[in-house]
Amino acid sequence: MIKYFKSLDEKIKKLLHKNEEYICSLEAEESSFVRLNENIIRQAGSIKQKYIDLKIFNDKKHAGVTFTLTGDIKEDESKIASLVSRLQKVLKNVENDPFFDVNKEVVSSESVKSNTVSNDDEAVSEIMALGEGVDVVGVYASGKIMNGFMNSFGQFNWSESASFNFDYSMYYENDKAVKGNYAGLNWNSEKFHVSYTNSKKQYKLLKKNQKKLSPGNFRVYIAPSGVMSIMEMLCWGGFSEKQIRTKNSSLLKLFQQKEALHKSITIEERIKGAISPNFQSEGYIKPDVVKLIDNGKYNGGLISPRTAKEYGLKTNGANMSETPVSLYMAPGDIVCDQILNQLETGIYINNLWYLNYSDRSNCRITGMTRFACFWVEHGEIVAPINVIRFDDSIYNMLGKNLIGLTRENDFFMDAGTYECRSTDSMNLPGVLIDEVAFTL
């Protein structure tokens, strides 16, 4: 695939008119999927696809198109010739874009990670054997994901890695289920067994009589999977330099130093070692690490080339939406085996859902408990709880009311497959909070 993508460079260059340049990004995958229901394979298949985003420009004028490659060189070259011709006609009629910017400093790179992904048949057999007697519902996806970039200035970048993602639920009845995820670059049977066995233990606890909680403030432990939902909300404009500048960021008061998080909170965009490529669609290279929050204080935002151009800043290679693609939250010192003892009496939350901002300016978030959330008394799980709604500020939850973070982080890959399997990921600890407000 890498040679095929490179071969298109000369073809595109020959089609350009005087003073025209081009940038081109590629996304491709060779993926297998297996869907389970009642711990039985209901659907299995595979896909190979590749599509490119091609943009031609003349100074501040630009026009672009996204299309699928067939893999047949004559057919693809013919399609490219036709599309470039159409883009050139469009280019004559568009206005100058004052904030348009592409990288003209040639920084080429190639990364092909030789990861070890378990044979799909073996992995699915292992999943089904461990899930015997349980209604396991989920999707197992694996395979290679490829990203490329090239331009008329001679830059070429390539990222290729194999990964897997098993996103599942162990369903009991009605709204009772245990949701889990096991993902990564290298399949580790021992690690998977530990994770899956823990899910089965929680599944058995769902059979206990439910405890109905009334609104109030409770001591809470939120597992990494629940923390992921909170981080997804913060990623919705919270770390965007553009949103900071326009005062729309939910973390604006943190940026203005009117609020602070607990000193143990450090959050980074960590590209080094990530599945996501270290380059973006305008050709800028991403730093290994961008520190967003450092010891509870705002350290800086994600700056896309467009925002950098608009505000006279230096880009740090952020994507157009300025959202993290490989979020890392530093762990703490609470041993996972001691979580229940540390929680003492309160709510153990595995998952949250339907999150939204109830007061964006004060970073106040609301959402529901979901999937295997339990009432704990004196360090012992007593019963599953009814679905309840929380409504509280991040400045409380990860600030003044935070007790600590777990010593171990969990790795999550985005299970999204829209257009192509996602390479976004998060690496997160669990959080122990002294008090969270629940409203109904």
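A residue is counted as exposed when its relative accessible area is over 50% and as buried when that area is under 20%. In this predicted model, D59 has a relative accessibility of 57% and is therefore classed as exposed. The residue lies in the loop that joins β2 (40–58) to β3 (61–68). Most residues other than glycine have a negative phi. A second case is E419, which is not a glycine and has a positive phi of about 70 degrees. E419 is placed in the loop between β20 (410–413) and β21 (425–428).

A positive phi also occurs just after helix α5, where G237 takes a value of about 90 degrees. The helix itself covers residues 224–235, twelve in number. From the first C-alpha to the last, α5 reaches 16 Å, close to the 16 Å expected at 1.5 Å a residue. Helix α5 is mostly covered, with ten of its twelve residues buried. The buried positions are P224, S225, G226, V227, S229, I230, M231, M233, L234 and C235. For C235, the relative accessibility is 7%, under the 20% limit, so the residue counts as buried.

The cysteines were examined for disulfides, for which two sulfur atoms must lie within 2.5 Å. By this rule the count is zero. The sulfur of C24 has its closest cysteine sulfur in C420, at 15 Å, which is too far for a bond. C235 is likewise in no disulfide, as the nearest cysteine sulfur, that of C363, is 11 Å away. C24 is buried, with a relative accessible area of 0%.

The pocket analysis gave a volume of about 830 Å³ for the second largest pocket. This pocket is lined by 31 residues, of which E27, N147, N319, T423 and D424 are the closest to its centre. Elements that give two or more residues to the lining are β1 (21–37), β2 and β5 (135–151). Strand β5 gives the most, with four residues. By class, the lining of the second largest pocket consists of eleven nonpolar, 13 polar and seven charged residues.

Methods: Residues numbered from 1 in each chain as written. Predicted model: local features only at pLDDT ≥ 70, side-chain atom pairs only at ≥ 80, totals over all residues. Heavy atoms only, no water. Buried < 20%, exposed > 50% of the residue type's maximum accessible area, 1.4 Å probe, protein only. Expected span 1.5 Å × (residues − 1). 1 Å grid on protein atoms, 1.4 Å probe; cavity = no way out; pocket = protein on both sides within 12 Å on 5 of 7 lines; lining within 4 Å. Points joined across faces, edges and corners; volume = space filled by probe spheres on them. Nonpolar A, V, L, I, M, F, W, Y, C, P; charged D, E, K, R; others polar.
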